[in-house]
Amino acid sequence: TGRARFADASTLSVDGRRIAFGRAVIATGASARLPSIFGLDPQSVLTTETVWSLDRMPERLLVIGGGPVGCELAQAMARLGSRVTLVQRAARLLLAGEVADLSADAAVVRLPGGGTERIGFDRVLAATGRAPRTAGLGLALAGVETDADGAVVTDAQLRTSHPFIWAAGDVTSLPKFTHTASANGEIAATNAVTGSALEVDPVLARVTYTSPEVASVGSLSATATLDHGALDRAIVDGQTAGFTSLAIDGAGIVRGATIVGPRAGETLGELALAVRLGLTTEQLARTTHAYPGYGYAVRKLALADVRARAPR
């Protein structure tokens, strides 16, 4: 246990103790990235790592960052009683990586450049991304390349530019999700230990755990959408403010999906598998889905697509 850095391409130094290795996996993760804002005291800013240590609820909380984590924490803190203001510095309002419809109904307050608009707050929570923990590791001495952001560069097998060093998790330039870090950690460790050639799954399932949940996979160019006002389970639950959409190509193959609604992440599993295996809407439509359920929207959309393609 101690502070580690590579001494050369086959030696690690841990507080001065040299440890030779034949193969290595870098999994040092990432730390919260603070925004560069004049007058902001970095020591007083809450992050995704320190917000859990709060022992009292801020009456007024300013959340900087409208991505998945910013939206999740902003909503959670608001439900716990804090008066939350969420600020996103971007052309679009929230969840910029998802379909535009998700933020189309949100109220927008645009602060004019150089204006004097003021927002009162008691605490600030920064949800502005994560920076890979590579500083001081001596990666250059080991021949391990990093990108402009300092993240370790890997191939599909998570091998770095060093033939016997792999990397996984938030320290890499791959998407920073708990489930991808877990899956990729297994791949990197297996490849390093056994010499296997497992590759990273190119299909990325994403879920934002707000209410309603937002889940997506693959292409966001929806070609078929079912509003949950027409989904029996959503009607019974009184949770009709959502939708399920599929991106379907000319051959009827499912290329992507977006779901907004309760437990959307659970419904997404079937669609992530469909995208990964290149399943068609006919295959989905012929699969018996439990009724009533939110997943039944998938069958309804698939069946409608099959019928639309049938010869007339």
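**Asking why: exposure, rings, bridges and a cavity**

Me: What makes R133 count as partly exposed?
Reply: R133 has a relative accessibility of 38%. Buried means under 20% relative accessible area, exposed over 50%, and partly exposed in between (1.4 Å probe, protein chains only), so R133 counts as partly exposed. A word on the source: this is a predicted model, where local features need pLDDT of at least 70, side-chain atom pairs count only at pLDDT 80 or more, and totals for chains, interfaces and linings use all residues. Residues are numbered from 1 along each chain as its sequence is written, and side-chain values use heavy atoms, with hydrogens and water left out.

Me: Why is the contact of E49 with R133 called a salt bridge?
Reply: The closest N and O atoms of E49 and R133 are 3.3 Å apart. Helices (H or I, at least four residues) and strands (E, at least two) are DSSP runs, numbered from the N terminus. E49, at 38% relative accessibility, is partly exposed. A network of salt bridges links E49, R130, R133 and D170.

Me: How many salt bridges does a search of the whole structure find?
Reply: There are 13. In one of them, R18 meets D8, with 3.6 Å between the closest N and O atoms. R18 is in strand 3 and D8 in strand 1, ten residues apart. The relative accessible area of R18 is 54%, so R18 is exposed, while D8, at 25%, is partly exposed.

Me: Why is the aromatic pair of F6 and F21 called edge-to-face?
Reply: Rings of Phe, Tyr and Trp (its six-membered ring) pair if their centres lie within 6.5 Å; planes under 30 degrees apart count as stacked, over 60 as edge-to-face and the rest as tilted. By this rule there are two aromatic pairs. The F6 and F21 rings are 5.8 Å apart, centre to centre, with 70 degrees between the planes, which makes the pair edge-to-face. F6 lies in strand 1 (4-8) and F21 in the loop between strand 3 (17-20) and strand 4 (24-26), so the pair ties together parts 15 residues apart in sequence. Both F6 and F21 are buried. Y291 and Y296 also form an edge-to-face pair, at 5.2 Å and 75 degrees. Y291 is exposed, at 51%.

Me: Which residues line the largest cavity?
Reply: They are H228, T244, I259, G261, P262, R263, A264, T267 and Y294. On a 1 Å grid over the protein atoms alone, a cavity is a set of points where a 1.4 Å probe fits but cannot get out, and lining residues have an atom within 4 Å of a point. Strand 15 (254-261) and helix 5 (264-277) each supply at least two lining residues. The cavity holds about 30 Å³ of space.

Me: What makes R263 and E266 a salt bridge?
Reply: Their side chains meet at 3.7 Å, N to O, which is within the cut-off for a salt bridge. Both R263 and E266 are exposed.

Notes:
1 Å grid on protein atoms, 1.4 Å probe; cavity = no way out; pocket = protein on both sides within 12 Å on 5 of 7 lines; lining within 4 Å. Points joined across faces, edges and corners; volume = space filled by probe spheres on them. Salt bridge = Lys/Arg side-chain N within 4 Å of Asp/Glu carboxyl O.
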